[in-house]
Amino acid sequence: MAVNCDILIVGGGVMGTSIAWHLARRRAGRVMLLEKSFLGAGSSGKSGAIIRQHYSNPLTTLMAQKSLRVFEHFEDLVGGPPVFTRAGMVLVVGQRDRAGLDANLAMQRELGVDVRNVSAQELAEIDPNARLAEDEAAAFEAEAGYVEAVQVVASFADAARREGADIRMGVEVRGIVGQGGKVAGVETSEGRYNSPTVVLATGPWAAQLGLEAGIKLPVQPCRTQVALYRKPADFGRRTAIYGDFVQGLYFKPTHGEIIHAGSLAGEEMNNPVDPENYDESADADWLPVVRQKLSRRYPAMHRGYGRGGYGALYAITPDWHPIIDRLPGLEGAYCAVGFSGHGFKMSPIVGQLIAELVVDGQAKVLDIAPLRLSRFEEKDPVKTPYAYGVMG
């Protein structure tokens, strides 16, 4: 027997659960979320979940800023335990990119971001473990931090349930059903689910489901990697998050005195994978390279203890920016996909934006036209004004 609902969300990661919560609290009807595995089983559960506002255009800066305010008070606004740890974030570039960094910081300060240039001496006061070369420039974003990714997903889901949403795991969506140019529901491993509204929040699986409906979503599932190192006993607790464009590395403190590190070079685009079958371990020859790069910024980490690493998934668009839009030719269908490895921090505002699209007919809190699907055919991608790396 078919199941009926008013709004059906596909995907139980951080985007899907945030969307479910926002729609349920808007009393938009019977809201249902389907996840083929378990909550956070795709990209979300493996995310470094860094919360920073360092973006190169006003829209994504504001998306990150509005989401930061939610994460800062997550336990009060969403529920569950506190999830946010303030650490501050250091951005490091070579001197050739100093002008680009300064211009970017000026834009961010106009939007109210607490960010400033720092000298080598000032950096040492922020983080005594770090070293800055004479030909390098640094900036510090004081409000940045990170969240506990799995707990965020769980808390969004719990909040959605409290508002009446129905979250079902172990139900695989195999296709979108259309009728007369309108969405009619989805076909699943359990049969038909009828709904006049369907939202795709499917991460690396977005393109596959889009094709089932005859819609091309330019979202490439790609493999990325994370390396883990235990800090030496004398390292100290004062550490920050880093976007180190000189080394092509990001890294952050995490639980158990561990440093979590990954690449900023953008090579993931060259490693497309089947999201159902990819290597979830870290490459043995990659881990020593990360240690070497990490040690150039944190010299004491040459004595760090390797704790292995893992492979994870990015869902990458051609311009490394998400698609938040209606699906063309299928009334009632929407998507929030293609976050390209930097979407977790935006999940609160994405949930609100999709709820506005669905309930109000348009996004109100921000103008998201630059994130429309048609930008790729129109050859109007989101542009990154600076050249020092891929961070959106």
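**Exercise 1. Work out how much space the second largest pocket holds and what lines it.**

Step 1: start with the volume. The second largest pocket holds about 320 Å³. Here a pocket is an open set of points on a 1 Å grid over the protein atoms alone, where a 1.4 Å probe fits and protein lies on both sides within 12 Å along at least five of seven lines. The volume is the space filled by probe spheres set on the points.

Step 2: this is a predicted model, so local features need pLDDT of at least 70 and side-chain atom pairs 80 or more, while totals for chains, interfaces and linings use all residues. Residues are numbered from 1 along each chain as its sequence is written, and side-chain values use heavy atoms, with hydrogens and water left out.

Step 3: go to the lining, meaning residues with an atom within 4 Å of a point. There are 18 of them, with Ser47, Glu148, Lys252, Thr254 and His255 nearest the centre.

Step 4: sort them. You get seven nonpolar, seven polar and four charged residues, with Asp, Glu, Lys and Arg counted as charged.

**Exercise 2. Find where tryptophan 320 and serine 340 sit, and say whether each is buried or exposed.**

Step 1: tryptophan 320 is in the loop between β19 (305–316) and β20 (323–326). Its phi is positive, about 60°, though it's no glycine.

Step 2: serine 340 is in the loop between β21 (333–337) and α9 (347–360), and its phi is also positive, near 60°.

Step 3: buried means under 20% relative accessible area, exposed over 50% (1.4 Å probe, protein chains only). Tryptophan 320, at 13%, is buried, and serine 340, at 4%, is buried too.

Methods:
Helices (H or I, at least four residues) and strands (E, at least two) are DSSP runs, numbered from the N terminus.
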